[in-house]
Amino acid sequence: SSGINAEWPLRPGEKSSLELSLNKTRTDLFKVQERFDSTQEELVATEGELNETRSDLQETKMELRNLTESKCALKKGNLTKWDMFYSPEYYNKTFTRTIYQQLTSTWDSISNRLFGMTITDKVIELIKHLDDDQIDHCEELS
């Protein structure tokens, strides 16, 4: 039994009522199928955008890794020998004996005066523009 309490053969009004109900169900099903198809299309488009974003992210990660490995992640203004202080190896780090030993071959004359200072934008820019004699007066910039 289909759950419909109708005796066979159906009377004309009952048949018409069942046909209307069937047609409405088919229409509703068609609408649901259209919505499903539309949602599937959106899903495919979103998946494509996600894959593109993942690809962009991977490229950006590689660029950042290359910048970090090159020790030149941050560059300010015109590149000079002092811009190396913008790299992650030095920037916002306390000047230590290890850093001193790494740099002695290029700037022995001023490195001894920098011990204990935090290397910031101000200190780097000062080093780039001052004579050795002026470095003695910049502790307040750390």
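Student: Leu103: buried or exposed?
Tutor: Buried. Its relative accessible area is 3%, and buried means under 20%. Keep in mind that this is a predicted model.

Student: Where does Leu103 sit in the secondary structure?
Tutor: Leu103 lies in helix α2, which covers residues 97–111.

Student: Which residues is Leu103 in contact with, leaving aside neighbours within four places in sequence?
Tutor: Met84, Phe85, Tyr90 and Phe95.

Student: Let me stay with the rings. How many aromatic pairs does the count come to?
Tutor: One aromatic pair. The partners are Phe85 and Tyr90. Leu103 is in contact with both of these residues.

Student: What kind of pair do Phe85 and Tyr90 make, and why?
Tutor: Edge-to-face. The ring centres are 5.7 Å apart and the planes stand at 70°, so the pair gets that label. The cut-off for edge-to-face is over 60 degrees.

Student: Why quote both a distance and an angle?
Tutor: Because a pair of aromatic rings is described by the distance of the centres and the angle of the planes.

Student: And Phe85 and Tyr90, buried or exposed?
Tutor: Both are buried. Leu103, their contact partner, is buried too.

Student: New topic. How many salt bridges does a search of the whole structure find?
Tutor: One. Lys24 forms it with Asp28. The closest N and O atoms are 3.0 Å apart.

Student: Where are Lys24 and Asp28 placed along the helix?
Tutor: Both belong to helix α1, residues 12–69. They are four residues apart, so about one helical turn separates them.

Student: How do Lys24 and Asp28 count for accessibility?
Tutor: Lys24 counts as exposed, at 53% relative accessibility. Asp28 counts as partly exposed, at 34%. The line for exposed is over 50%.

Student: Zooming out, what is the secondary structure of the chain?
Tutor: Four helices and zero strands. From the N terminus on, the order is α-α-α-α.

Student: What share of the chain's residues count as buried?
Tutor: 18% of the 142 residues. Leu103 is one of the buried residues.

Student: Last one. What share of contacts join residues at least 24 apart?
Tutor: 35%, among contacts between residues at least 6 apart in sequence.

Note on methods: Residues are numbered from 1 along each chain as its sequence is written. This is a predicted model: local features need pLDDT of at least 70, side-chain atom pairs count only at pLDDT 80 or more; totals for chains, interfaces and linings use all residues. Side-chain values use heavy atoms; hydrogens and water are left out. Rings of Phe, Tyr and Trp (its six-membered ring) pair if their centres lie within 6.5 Å; planes under 30 degrees apart count as stacked, over 60 as edge-to-face and the rest as tilted. Buried means under 20% relative accessible area, exposed over 50%, partly exposed in between (1.4 Å probe, protein chains only). Helices (H or I, at least four residues) and strands (E, at least two) are DSSP runs, numbered from the N terminus. Contact means heavy atoms within 4.5 Å. A salt bridge is a side-chain nitrogen of Lys or Arg within 4 Å of a carboxyl oxygen of Asp or Glu.
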